[in-house]
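Reader: Could we go through this model together? I would like to ask about its contacts, its charged pairs and its cores.

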Amino acid sequence: VEAVHLIADGKAPRIPQPKEGATYEGIQKKENAEISWDQPAAALHNWIRGHDKVPGAWATIDGQVVTFYGSSLLDASVPAGQELAIKGASRPGLVTKNGLVVFGNDEKMVLVRNLQFEDGKMIPASKYFSADETTALELTEEEKKMAEDIR
């Protein structure tokens, strides 16, 4: 009751909270979420996972910012895949059938499942090299006739 009266009268003491020991982290910004590759795989995974979805951990690939989503530690032998140079990484990543495998400085692996490009387009990481391919639709003779009838 006394505390309520002090507040109501405007006489309650105001003690600023010290910053030392505080656990609050400010809102992360995209420019601060770049991946530092000189770390063990567990730290890379935690960085990617910690920035998933907002703001998104990112790296530069082929001159453009690519954001990494959906990471997990990979405890297996090095899978077969197509090499992908990543700026700042000591070893190229591997685009495999399951996603993009990146390596920590401890030579352990992290599997990244999705990638997002600067234009907002998101793809499965396993489709990185086939992302720009477009397939033309080819109709059979029967389908062509049906299309004409519909027109």
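**Contacts, charges and cores**

Author: Leaving out residues up to four places away in sequence, lysine 87 touches Trp37 and Thr60, where contact means heavy atoms within 4.5 Å. This is a predicted model, in which local features need pLDDT of at least 70 and side-chain atom pairs count only at pLDDT 80 or more, while totals for chains, interfaces and linings use all residues. Residues are numbered from 1 along each chain as its sequence is written, and side-chain values use heavy atoms, with hydrogens and water left out.

Reader: Where does lysine 87 lie, and is lysine 87 buried or exposed?

Author: Lysine 87 belongs to the loop between β3 and β4. Helices (H or I, at least four residues) and strands (E, at least two) are DSSP runs, numbered from the N terminus. With a relative accessibility of 59%, lysine 87 counts as exposed; buried means under 20% relative accessible area, exposed over 50%, and partly exposed in between, with a 1.4 Å probe and protein chains only.

Reader: Turning to charges, how many salt bridges does a search of the whole structure find?

Author: The search finds 4 salt bridges, each a side-chain nitrogen of Lys or Arg within 4 Å of a carboxyl oxygen of Asp or Glu. In one of them, the side chains of glutamate 107 and arginine 91 meet at 2.4 Å, N to O.

Reader: Which parts does that pair tie together?

Author: Glutamate 107 is in the loop between β5 (100–103) and β6 (109–116), and arginine 91 is in the loop between β3 (82–84) and β4 (93–95), so the pair ties together parts that are 16 residues apart in sequence. Glutamate 107 is partly exposed, with a relative accessible area of 46%, and arginine 91 is also partly exposed, at 31%.

Reader: What else does the charged end of arginine 91 do?

Author: The charged end of arginine 91 sits over the ring of phenylalanine 103, 3.7 Å from its centre. The criterion is NZ of Lys or CZ of Arg within 6 Å of the ring centre and within 35 degrees of the ring normal. Lysine 53 likewise lies over the face of tyrosine 69, at 4.4 Å from the ring centre.

Reader: How many aromatic pairs does the structure hold?

Author: The structure holds 3 aromatic pairs. Rings of Phe, Tyr and Trp (its six-membered ring) pair if their centres lie within 6.5 Å; planes under 30 degrees apart count as stacked, over 60 as edge-to-face and the rest as tilted. The ring centres of tyrosine 128 and phenylalanine 129 are 5.2 Å apart and their planes are at 90°, so this pair is edge-to-face. Ring pairs link Phe117, Tyr128 and Phe129 into a cluster.

Reader: Which residues have the most contacts inside the largest nonpolar core?

Author: That core has 22 residues, and those with the most contacts inside it are Trp37, Phe68, Leu100, Val102, Val112 and Leu115. A nonpolar core is a set of buried Ala, Val, Leu, Ile, Met, Phe, Trp, Tyr and Cys residues joined through side-chain atoms within 4.5 Å. Two or more residues come from each of α2 (41–50), β1 (57–61), β2 (64–74), β5 and β6. Apart from this core lies another, of 5 residues, among them Leu94, Val101, Phe103 and Met109.
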